[in-house]
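Visitor: Please show me the structure first. Then I will ask about it.

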2 protein chains.
Amino acid sequence: MTAQAFVPAHVTAFFSVERRETPAASGARGGGIALADGVEVTVEDGTGVVLEGEETELEAVTRVLSALDVTAAVRIETDLPLASGFGLSGAAALGTALAANRAFELGRTENELVTVAHVADLQAGTGLGDVVAQAHGGVPVRLAPGAPDHNRLDAIPAVGQVEVLPLGTVATEGVLADDTDPLSAAGQAALEQLMQRPTLPHLMRVGRAFAEETDLLVGDLRAVIDAVEAAGGLACVGLLGRTVVALDDGLSAAGYDPRVTRIDPGGARLLDRP
Amino acid sequence: MTAQAFVPAHVTAFFSVERRETPAASGARGGGIALADGVEVTVEDGTGVVLEGEETELEAVTRVLSALDVTAAVRIETDLPLASGFGLSGAAALGTALAANRAFELGRTENELVTVAHVADLQAGTGLGDVVAQAHGGVPVRLAPGAPDHNRLDAIPAVGQVEVLPLGTVATEGVLADDTDPLSAAGQAALEQLMQRPTLPHLMRVGRAFAEETDLLVGDLRAVIDAVEAAGGLACVGLLGRTVVALDDGLSAAGYDPRVTRIDPGGARLLDRP
């Protein structure tokens with residue numbers, strides 16, 4: 001009675017907040033990149049949530065267990081920092097759903113498990129649309145919000161190196177408690193711009209402009225992105241976070257010491273280990 | 001100006017033929033397994049289609065190039081046999097679309113490329129719904145037919161070993177030229193049965209019953225599947241083909257010498273090589 005899943009981190013270049021009648025129909029539109037770095041979740045008999053060896057509370061994870069009506073011990077391992085725009089709450093929720101379904105032979109489909117994790121992340125207030133992007137992998141574009149029965153996804157076909165530089169934390173709940181109408185208007189405009197030229201470089205440019213316009217280019221973020229661009233690279237902010245995301249060796253080439261990762265090709269998946 | 005893509009093979013356990021107004025809306029419902037074995041497609045400047053070192057004609061591939069309005073040399077490598085129910089025509093078409101988009105910077109989205117390949121496979125008469133399953137990976141369930149703007153997909157979350165034993169070829173065009181109404185009625189009933197218990201073992205049982213009911217359990221297929229079951233395993237036919245597909249070591253355990261592969265976790269993807 002043990003199972004493991006990997007779920008990619010997801011950095012959001014731009015987004016709009018889309019509130020609907022139900023959590024399953026709500027979420028975000030937007031574009032981002034799923035990363036080959038992410039979380040590994042182990043689900044087994046027992047109780048409690050352990051993150052990197054420390055007992056912790058993760059509302060999105062406990063909500064998933066409750067929605068699936070199981071009691072389990074959940075162990076989460078990741079090399080990435082929490083609350084930095086990597087969508088790790090959603091990743092932990094989705095990994096828990098996938099691994100619990102296997103460990104306890106729940107017989108749920110992929111769409112059902114993604115829906116459970118999406119709703120849990122929304123209700124915990126820790127994410128809006130990372131889960132469906134993480135289930136897809138690659139460079140997902142969320143054309144319509146919500147869980148699989150509601151949303152519409154496309155993607156930019158892309159492969160290659162990505163560098164990330166976390167510069168501090170942002171609480172998702174804080175930004176989303178404000179009036180999100182101006183942010184969402186900017187996000188919907190950004191989506192239209194991206195789909196006119198759906199390429200990875202254009203995603204970075206649209207993302208940078210979105211962060212600028214919505215006053216999310218805070219602290220050191222602007223200086224670092226400018227430095228990447230001055231060195232010939234392309235970068236944007238991983239929202240909602242204070243993480244700079246650059247294509248290829250954009251951050252290294254500008255003299256920073258980033259975490260080097262890649263575009264995740266295939267999205268969340270069960271792991272098969274003895 | 002060169003790019004490469006990998007596309008998983010896809011074995012179909014059961015299906016219904018779904019004809020609609022347009023090729024993009026047409027296709028199949030059904031369930032199957034995407035395999036870690038598949039095709040690698042290289043697209044570069046030049047002309048001609050080369051399969052395993054031999055100049056060849058592959059209508060689905062030339063239709064993709066034509067739809068994308070490019071002239072290119074396409075090289076296809078695979079360890080699997082053609083016309084044996086692995087969906088290799090669709091895989092070659094999708095790999096060509098993904099690699100050509102990258103090699104020639106066409107700026108198409110994933111959904112657009114999947115649509116181009118899906119339509120090419122249908123129009124060539126070589127497949128009905130493998131392409132969308134191959135784009136998804138895993139154990140895809142096609143709830144509604146057609147390309148991404150039309151279809152509805154779910155999946156059975158699963159991981160593990162799969163064994164395949166090709167016993168001969170079947171021309172897709174031949175079976176689909178007959179009256180497909182009885183076959184499609186059986187396929188739709190099979191889909192309902194699967195979704196009542198969406199697990200990998202149940203997929204195999206539903207698939208076996210479908211092949212039996214539709215008279216596709218021809219030649220040695222029945223004897224081999226019976227032998228796998230007698231040895232405690234589960235197997236079905238990879239349609240439309242004469243290939244036996246078994247979970248885990250089902251064929252080896254019954255004394256056969258199968259090709260050993262795995263469930264592909266993430267679907268079609270670009271490869272990143274120098």
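**Interface and symmetry**

Guide: Chain A and chain B bury about 2000 Å² between them, with 56% of it on carbon and sulfur atoms. Buried area is the accessible area (1.4 Å probe) that two parts lose on being put together, summed over both. This is a predicted model: local features need pLDDT of at least 70, side-chain atom pairs count only at pLDDT 80 or more, and totals for chains, interfaces and linings use all residues. Residues are numbered from 1 along each chain as its sequence is written, chains are lettered from A and ligands numbered from 1 in the order in which they are written, and side-chain values use heavy atoms, leaving out hydrogens and water.

Visitor: Which three residues supply more of the area that chain A buries against chain B than any other three?
Guide: Chain A has 27 residues in contact (heavy atoms within 4.5 Å) with 27 residues of chain B. A share of 26% of the area that chain A buries comes from three residues: Glu110(A), Pro157(A) and Val159(A).

Visitor: By what turn can chain A be laid on chain B?
Guide: Superposition is by least squares on the C-alpha atoms of residues with pLDDT of at least 70 in both copies. The RMSD is 0.0 Å, the shift along the axis is 0.0 Å, and the turn is 180°. The two copies are thus related as by a two-fold rotation axis.

Visitor: In chain A, which C-alpha is nearest the axis?
Guide: The distance from the axis is 1.9 Å, and the residue is Gly266(A).

Visitor: How far apart are the closest N and O atoms of Asp272(A) and Arg262(B)?
Guide: A salt bridge needs a side-chain nitrogen of Lys or Arg within 4 Å of a carboxyl oxygen of Asp or Glu. The count between chain A and chain B is two. Asp272(A) and Arg262(B) form a salt bridge, with a closest N and O separation of 2.6 Å.

Visitor: How many residues of H2(A) are buried?
Guide: Helices are DSSP runs (H or I, at least four residues), numbered from the N terminus. H2 of chain A covers residues 88-103. Buried means under 20% relative accessible area (1.4 Å probe, protein chains only). H2(A) is largely enclosed by the rest of the structure, because its buried residues number 15 of the 16.

Visitor: Is Ser84(B) buried or exposed?
Guide: Ser84(B) lies in the loop between strand E5 (73-78) and helix H2 (88-103) of chain B. Its side chain reaches the backbone oxygen of Leu82(B) at 3.0 Å. At 3% relative accessibility, Ser84(B) counts as buried.

How values were computed:
Helices (H or I, at least four residues) and strands (E, at least two) are DSSP runs, numbered from the N terminus. The expected span of a helix is 1.5 Å times one less than its number of residues. Buried means under 20% relative accessible area, exposed over 50%, partly exposed in between (1.4 Å probe, protein chains only). A polar contact is a pair of N or O atoms within 3.5 Å; within protein, one must be able to donate a hydrogen and the other to accept it, and residues adjacent in sequence count only if both atoms are side-chain atoms.
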